[in-house]
Amino acid sequence: MSNHYETLGVPRDASQEDIKRAYRRLARKLHPDVAGPGKAEEFKAVNEAYAVLSDEESRRMYDLGGDDALHGSGMPSGFGAFSDIFESFFGGVRTGPAPRGRRGQDALVSLSLELEDVVFGAEKEISHTLPVECPTCHGSCAAPGTEPVACRECGGTGSVQRVANSILGQMVTQTVCPACRGHGTVIVTPCSECAGEGRVRATRNVTVRVPAGVEDGMRIRLSGQGEAGVEGGGPGDLFVEVRVKEDRVFQRDGDDLVCEIEVPMTASALGCSLDVETFDGRRTIDVEPGTDSGHVISLKGLGVGRLNRPGRGDLKVVVEVKTPSKVDDAQRALLQQLAKLRGEELPAARVVQHSSSFFSKLRERIRS
């Protein structure tokens with residue numbers, strides 16, 4: 001009886017990764033294209049050993065009873081009979097071969113964006129590493145020039161019948177074929193590039209269309225761009241999580257943008273026109289005479305693009321009146337003359353009543 005562990009040169013407690021690594025090393029060494037036809041039998045034995053030990057269920061059965069267990073004669077009689085009865089009553093019967101492919105898992109990557117990307121929307125290219133379809137076997141799992149063959153144990157049906165004695169009498173049960181795991185076919189010569197998995201890890205570039213108006217933490221779904229499926233199964237989806245960087249000038253408030261400009265005390269008193277840089281280029285705003293700190297000037301349609309809706313929000317320009325902290329003698333004399341003309345030489349404090357929203361805004365300004 002062949003010893004699959006000795007064939008691959010690994011101990012019986014070897015991990016799946018150790019088994020895969022040993023198989024790849026031997027497959028490259030013994031492949032007929034490299035070693036010639038004289039090593040064909042050894043190459044076939046290595047493939048058969050890997051086919052058994054790479055699957056947890058077939059490996060478990062092999063460990064219990066060797067090669068005979070894989071053909072239905074080495075399973076402990078008590079456990080086998082009970083298992084067959086259980087499968088018969090609770091849906092263990094198959095009506096045909098089971099497909100090999102299993103859908104790939106979804107993948108998640110992070111994408112860093114500037115605020116301007118959110119305002120207008122953008123196309124970004126991301127690079128990430130994940131399992132992709134094997135370029136050698138194209139997901140078939142079989143070495144080039146070969147293909148899966150019908151299982152000799154079940155004749156390609158994916159299931160076998162057994163006669164079991166139970167407390168209910170003799171029963172004929174139908175179970176999953178242990179040799180092909182219910183697939184109906186066996187890959188005799190697995191692809192050496194992917195070790196019969198149908199996929200390999202590779203770095204791939206993907207273009208992501210970022211719609212205007214996305215918010216920090218949102219995820220964009222790219223259907224079919226996730227991990228390739230095992231044994232030719234369909235791919236999963238790729239989810240791109242958006243992370244928006246803080247901007248040094250603008251802050252976002254829903255669909256609006258907010259920025260602050262400093263205006264000299266004299267300009268706020270007399271009024272002026274100022275140029276402001278926006279994401280849409282330079283715009284001119286008019287500061288009316290007597291404008292106070294906290295006054296908001298709105299520029300329509302210069303805010304953030306609305307997500308899945310037409311139009312954009314506004315740009316809110318908050319005026320901050322800058323009072324000089326240091327003045328020379330000439331400036332002080334002029335200010336004193338202005339105070340005298342306005343009757344403000346000895347001003348009296350006047351408490352101003354405001355709504356609760358004013359105090360809320362005031363607290364925010366103090367904390368910031």
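Predicted model: local features only at pLDDT ≥ 70, side-chain atom pairs only at ≥ 80, totals over all residues.

Student: How many aromatic pairs does the structure hold, and which kind of pair do Y23 and Y50 form?

Tutor: The structure holds three aromatic pairs. In the pair of Y23 and Y50, the rings lie 4.2 Å centre to centre, with 15 degrees between their planes. Planes under 30 degrees apart count as stacked, and the pair of Y23 and Y50 is therefore stacked.

Student: How many residues apart are Y23 and Y50, and is Y23 buried or exposed?

Tutor: Y23 belongs to helix α2, whereas Y50 belongs to helix α4, which covers residues 40-53. The pair thus links distant parts of the chain, 27 residues apart. As for burial, Y50 is buried, and Y23 is likewise buried.

Student: Which kind of aromatic pair do F250 and F279 form, and how many residues apart in sequence are the parts that the pair ties together?

Tutor: F250 and F279 are 4.8 Å apart, centre to centre, and with 40 degrees between the planes their pair is tilted. F250 sits in the loop between β9 (238-244) and β10 (251-253), while F279 sits in the loop between β12 (272-278) and β13 (281-287), so the pair ties together parts whose separation in sequence is 29 residues.

Student: Why do the buried residues of α2 line one face of the helix?

Tutor: The buried residues of α2 are I19, K20, A22, Y23, L26, A27 and L30. They line one face because, in a view down the axis of α2, they fall within an arc of 165 degrees.

Student: What span should helix α2 have, and how far apart are its end C-alpha atoms?

Tutor: Helix α2 has 15 residues, namely residues 16-30, and at 1.5 Å a residue it should span 21 Å. This expectation agrees with the model, because the end C-alpha atoms of α2 are 21 Å apart.

Student: Which are the edge strands of the open sheet of four strands?

Tutor: The order of the strands in this sheet is β10-β11-β15-β14, with mixed pairing. An edge strand pairs on one side only, and this holds for β10 and β14 (296-299).

Student: How do β11 and β15 run, and how many bridges join them?

Tutor: Strand β11 covers residues 256-264 and strand β15 covers residues 315-322. One place where they face each other is V258, which stands opposite K316 in β15, and another is C259, whose bridge partner in β15 is V317.

Student: Which residues make up the covered face of β11?

Tutor: In a regular strand the side chains alternate between the two faces of the sheet. In β11 the uncovered face has D256, V258, E260, E262 and P264, while the covered face has L257, C259, I261 and V263.

Definitions and conventions
Residues numbered from 1 in each chain as written. Heavy atoms only, no water. Helix = DSSP H or I, 4+ residues; strand = E, 2+ residues; numbered from the N terminus. Expected span 1.5 Å × (residues − 1). Buried < 20%, exposed > 50% of the residue type's maximum accessible area, 1.4 Å probe, protein only. Arc of directions from axis to C-beta. Phe/Tyr/Trp six-rings, centres within 6.5 Å; stacked < 30°, edge-to-face > 60°. Pairing = 2+ DSSP bridges.
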